[in-house]
Amino acid sequence: MMRRSAYASKKTGQPNSTNPISCSPSDIFRTASSKASSKEMERIDNLFYSFANRSSGMIDPEGIETLCSDMEVDHTDVRILMLAWKMKAEKQGYFTLEEWRRGLKALRVDTVSKLRKALTELEKEVRRPSNFVDFYSYSFCYCLTEEKQKSIDIESICQLLDLVLGSQFRAQVDYFIEYLKIQSDYKVINLDQWMGFFRFCNEISFPDLSNYDPDLAWPLVLDNFVEWMQAKQS
């Protein structure tokens, strides 16, 4: 009787609980993709912990120096700042696990050698005008190390200008740094002044300064810089 019943269920086309569940190709692809993604994330996490400080659970300045050494890149290389920008790192000299995951997933890397190779493409990405303004602004904010800090001392600004803008606007940066070091009106630079100098580099004819109009909304530090330049030239 049991045999007849089992046979009957097959004949009428009703499902038999012993039949395997079929998977569509898209289901198989999704499962494989999910497993690959999970493995990649595991490798990214393992890489993070190989540089992280055990007590803080973050990659600290020492860990970043080790990472740079392993990548054979100087820790003062602008591409390390670009990497921080890609991670959207909030605290200078530190990477959290979440920031590390964000950056390495976006770059599609999970080893030191892949990360080293990715720095070249990252630099190209940052140098695009649409991205560079954001990176330039980020580089200032990243250097605000104290809570509620809104400005950066002149010495640090000079180093940052050289690092971030030096390769694009060598003459403007060199003269502005020279001016900042000899003037006595400003001890610090704020974000508005920092962004104003970038606009100055992009818009003003240099070194003749023929299209600079002090009546326009330029930060006062740039009016003073232009006066100093004109006096120097005459």
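Glutamate 72 counts as exposed, at 69% relative accessibility; exposed means over 50% relative accessible area, buried under 20%, and partly exposed in between (1.4 Å probe, protein chains only). Its place is the loop between H3 and H4, and its phi is positive, about 60°, although glutamate 72 is not a glycine. Lysine 148 also has a positive phi, near 65°, and is a residue other than glycine. Lysine 148 sits in the loop between helix H7 (129–142) and S1, and is exposed with a relative accessible area of 76%.

Here is how to read these values. This is a predicted model, in which local features need pLDDT of at least 70 and side-chain atom pairs count only at pLDDT 80 or more, while totals for chains, interfaces and linings use all residues. Residues are numbered from 1 along each chain as its sequence is written, and side-chain values use heavy atoms, with hydrogens and water left out.

One more backbone feature deserves a look. The peptide bond from phenylalanine 206 to proline 207 is cis, with omega near 15°. Proline 207 belongs to the loop between H10 and helix H11 (220–233).

**The whole chain**

How many helices and strands does the protein chain have? There are 11 helices and two strands, where helices (H or I, at least four residues) and strands (E, at least two) are DSSP runs numbered from the N terminus. Read from the N terminus, the order is α-α-α-α-α-α-α-β-α-α-β-α-α. Of the 234 residues in the protein chain, 40% are buried. Among contacts (heavy atoms within 4.5 Å) with a separation of 6 or more, 65% join residues 24 or more positions apart. The chain exposes about 14,600 Å², and carbon and sulfur atoms supply 50% of that area; the areas come from the Shrake-Rupley method with a 1.4 Å probe, and for residues only the protein chains shown count as cover.

The mean pLDDT (the predictor's confidence in each residue, from 0 to 100) of the chain is 90, and 85% of its residues reach 70 or more. Over residues 1–13, however, the pLDDT is below 50, and this stretch has three contacts in the model beyond near neighbours in sequence.

**Pocket and cavity**

Rolling a probe the size of a water molecule over the atoms shows where empty space is left. On a 1 Å grid over the protein atoms alone, a cavity is a set of points where a 1.4 Å probe fits but cannot get out, while a pocket is an open set with protein on both sides within 12 Å along at least five of seven lines; lining residues have an atom within 4 Å of a point.

| Space | Volume | Lining by class |
|---|---|---|
| Largest pocket | about 600 Å³ | 11 nonpolar, seven polar and three charged residues |
| Largest cavity | about 40 Å³ | six nonpolar, one polar and no charged residues |

In these classes, Ala, Val, Leu, Ile, Met, Phe, Trp, Tyr, Cys and Pro count as nonpolar, Asp, Glu, Lys and Arg as charged, and the others, Gly among them, as polar. Each volume is the space filled by probe spheres set on the points, with grid points joined across faces, edges and corners.

Which residues lie nearest the centre of the largest pocket? They are His75, Thr76, Gln92, Tyr142 and Leu163, out of 21 lining residues. H8 gives the largest share of this lining, four residues.

The largest cavity is lined by Ile157, Leu161, Phe176, Ile189, Gln193, Trp194 and Phe197. H10 provides the largest share of that lining, three residues.
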